Amino acid sequence: MPLRRLHTRLLLAVSIPLILVSTTLLPVLHVHMETRLNSLSAEADALLKVGQEALTRDINESLNYALAIAEMPGLRRYLAAQSLTTLTDQQYSLSDLSQLSNFLTTLISHNARYTKLVLIDNQGREVLRAPRSNKTGARVSGNLHVNTDYFIEASKLLPRDLYISPPGRNLQFELFGRDVIPVVNVSTPVFDATGERRGVVLLSLNWDYLTDALRQAMLLDQNANMILVDAQGRWLLDEGIGSIDTASFGGNFAALSPLYWQAMQQRNEGNATIDNHLLRFQTEDIRTQRYRSLAGTIFSDNADHPWKLGVTLPRPTWLSLFKEETTVLWFLLLTYGVAVAFGIFWSISSQRQRELRQAAQRHAYEVSDLYENAPCGYHSIDKSGLVVKMNRTELAWLGYSAKEVIGHINYRELITPETREEFEKAFQNVKDNQSGSAECTLLTRNGEHRHVMIQGSAYTRNGRFVHSRAMVFDLTERKQLEEKLRAQAMTDPLTGVFNRRYLQAQAKIEMSRARRQNHPIALITIDIDHFKRINDEYGHDVGDDVLKNFTQIVSDLLRQEDLLCRVGGEEFAVLLPNTAIEQAQQVAERIRISIEQAPTTVEYEGTQQALKVTASLGVTPIHVREKSLKPALKRADIGLYKAKENGRNQVILHTL
Ligand SMILES: Nc1nc2c(ncn2[C@@H]2O[C@H](COP(=O)(O)OP(=O)(O)OP(=O)(O)O)[C@@H](O)[C@H]2O)c(=O)[nH]1
């Protein structure tokens, strides 16, 4: 049981500090985490804004470029001339063409963003292309663009309206022995000065170049990744990023990263946490008003718009937080270690204290039990004798409860007046700082007497008497035993009457009283006649019965102050205080007659038999001058012998 309690305490010692430290530090770490998440969100916002600016800045410029080119007078004239049926009608010199071609080639080749510029007439025929080859100059080819989206759409537009094709739509026109480069085609109609539609200007933009600005923006944070997808879930960047596997440009982002796609599809902008990454995204629509500084309406394939532009940043984890905040971690571990060590110390020491307390309690209980239930009494009394403490044993002897005695009864009141003096003497000795003992008689509640031996000693403090503490031994049994032994020593065990020793002792007292009071005193000796015959004839047991019957008969005849004693085998004596010799003679005669007339009923050989006995008696007065009983006994015996000689069953007085 104590071991199980220790285990529980040790468990608490380990778990409570853990809970306390955790509940104290976790909120701090939580706030820390919140701060990190807020700054992460702010960073994602900033990155998204930078990325969006980078993407749209170049597109915006290109749109304005396309519009400016479409409104060039030379270009308008050239396209107008192309619509005439004969060369002479075209009224456009070759030098003008060369000038226009050079200008456009320079314009395109000096800006890496553009891959080509194509002039297309109203029939969809390519009438001029830049950049041209250095050798061939501006190429006038017969390519037909009549089925392309940029031609079809731009042919329907009003002046200053624009059409932007989805990125990578028209790859087949960009195969010039180079790697495939995804492009965005921007086309706008060309009108001449009279407002006549003359054709279409196509400006192709290098998509990688445009999105490179976006990638550059992500270098601000090496953990940041950019997402750009169209409305169909098509990946619009060069290659996959970080944890998002999108293969390469045109890959099916919606299928490869469904969680990201679902999150971005549900709203125009917002945040989401996916795969322990923070995603910040917004809608990007290049058809919107803000691109149209010079432009009218911008058209594009509605199915591909709007795009979704997003940025992902890895969220901080508790582990990463701990790794970054090693000081916090060490502090946490140290605090926990100290708390656990303290807890274990507390558990073990409190266990030890508990064991010591239990041992002390056991010891105190044993001492108290010994005090309360000792075979002797214990008490303490103050200077005045008032009881201040008393054990159960003594209380039981006295028949009081502790409440009734302690603080209420003076110990003197519990001692009989006859023995109180001896107590006072012993108590005074104790108060004088000695030990004291007294044999006293206690008076119990129900009036009984109890003989005790009280042994006291002083309890002092700083040399001053505080109280007396005493042991009380019950002498009642001893007294009773002594009494019994004394009685046994004075009594005949067979008949219960006193013996010769008692007769002699008592005779002395009575003789002295008789002397003092001048009273006569007499003595009778009695001997049963032929008692030997009874023993011989009926057996010793019958003889005993006769002796007992004899003493009973004699005792019944005597006064209370008379003393019957057995002085020999079948020989008895009766001391008669305050009795004259004549009266003694009469008593002797009464005894003789009673013995003779009262047979003893005995059982002999299975039948009841009445046994008659007689006795011979000698009577003598005890003289005042005699100091002992001896002479009187001798005289009475002389009378008794004479009675025997004279034939027995008679009383003979012998006075001298
Ligand atoms: N049963 C019994 N017999 C006892 C006791 N004490 C003495 N006696 C017997 O008493 C008898 C005494 O006998 P004796 O002294 O010869 O005298 P007696 O037979 O009485 O004859 P007389 O005295 O001459 O009449 C003896 O036989 C003793 O053994 C006793 O306590 N019990």
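This is a predicted model: local features need pLDDT of at least 70, side-chain atom pairs count only at pLDDT 80 or more; totals for chains, interfaces and linings use all residues.
Two strands are taken to pair if DSSP finds at least two bridges between them. One of the bridges links Thr460 to Phe465 in β18. Both strands belong to an open sheet of five strands, ordered β15-β14-β18-β17-β16, in which the pairing is antiparallel. The edges of this sheet are formed by β15 (387-390) and β16 (436-443); each has a single partner strand, so one side of each is left without a neighbour in the sheet. From one strand to the next, the twist averages 30°.

A further open sheet contains six strands in the order β19-β21-β22-β20-β25-β26, and its pairing is mixed. Leu564 stands opposite Val574 in β22.

Strand β10 (residues 269-274) is connected to strand β11 (residues 277-284) by six bridges, and the two run antiparallel. Glu269 lies opposite Gln282 in β11. The hairpin of β10 and β11 has two residues between the strands, and Asp275 takes a positive phi near 50° in this hairpin. Strand β11 pairs in turn with strand β13 (residues 307-314), again in the antiparallel sense, over eight bridges. In this second pairing His277 stands opposite Pro314 in β13.

Two helices are described, when packed, by the angle between their axes and the distance between those axes. Helix α17 (residues 540-557) packs against helix α18 (residues 581-597) at an angle of about 140°, and their axes are 10 Å apart. Angles over 145 degrees would count as roughly antiparallel and those from 65 to 115 as roughly perpendicular, so α17 is oblique to α18. The crossing of α17 past α18 is right-handed. At the contact, Phe550, Ile553, Val554 and Leu557 in α17 meet Arg590, Ile591, Ser594 and Ile595 in α18. By class, the residues of this contact comprise six nonpolar, one polar and one charged.

Helix α17 also packs with α16, at an angle of about 135° and with the axes 6 Å apart. The two helices α16 and α17 are therefore oblique to each other. Their contact brings Phe531, Ile534, Asn535 and Tyr538 in α16 together with His540, Val542, Gly543 and Val546 in α17. Five nonpolar and three polar residues make up the contact of α16 with α17, with no charged residues.

Of the 16 residues around the ligand, Asp529, Phe531, Lys532, Gly543 and Gly569 come nearest. At least two residues of the shell are supplied by each of β20 (522-528), α16 (531-538) and α17. The contribution of α17, four residues, is the most that any gives to the shell. By class, the shell around the ligand divides into four nonpolar, five polar and seven charged residues.

Definitions and conventions. Residues are numbered from 1 along each chain as its sequence is written. Axes are lines fitted to C-alpha atoms, for helices over the stretch in contact, and angles run from 0 to 180 degrees between N-to-C directions. Angles under 35 degrees count as roughly parallel, over 145 as roughly antiparallel, 65 to 115 as roughly perpendicular and the rest as oblique. A crossing is left-handed if the near helix is turned anticlockwise from the far one by less than a right angle, and right-handed if clockwise. Two residues are in contact if their C-beta atoms, placed from the backbone, lie within 7 Å. Ala, Val, Leu, Ile, Met, Phe, Trp, Tyr, Cys and Pro count as nonpolar, Asp, Glu, Lys and Arg as charged, and the others, Gly among them, as polar. A residue is near a molecule or strand if its C-beta atom, placed from the backbone, lies within 6 Å of it.
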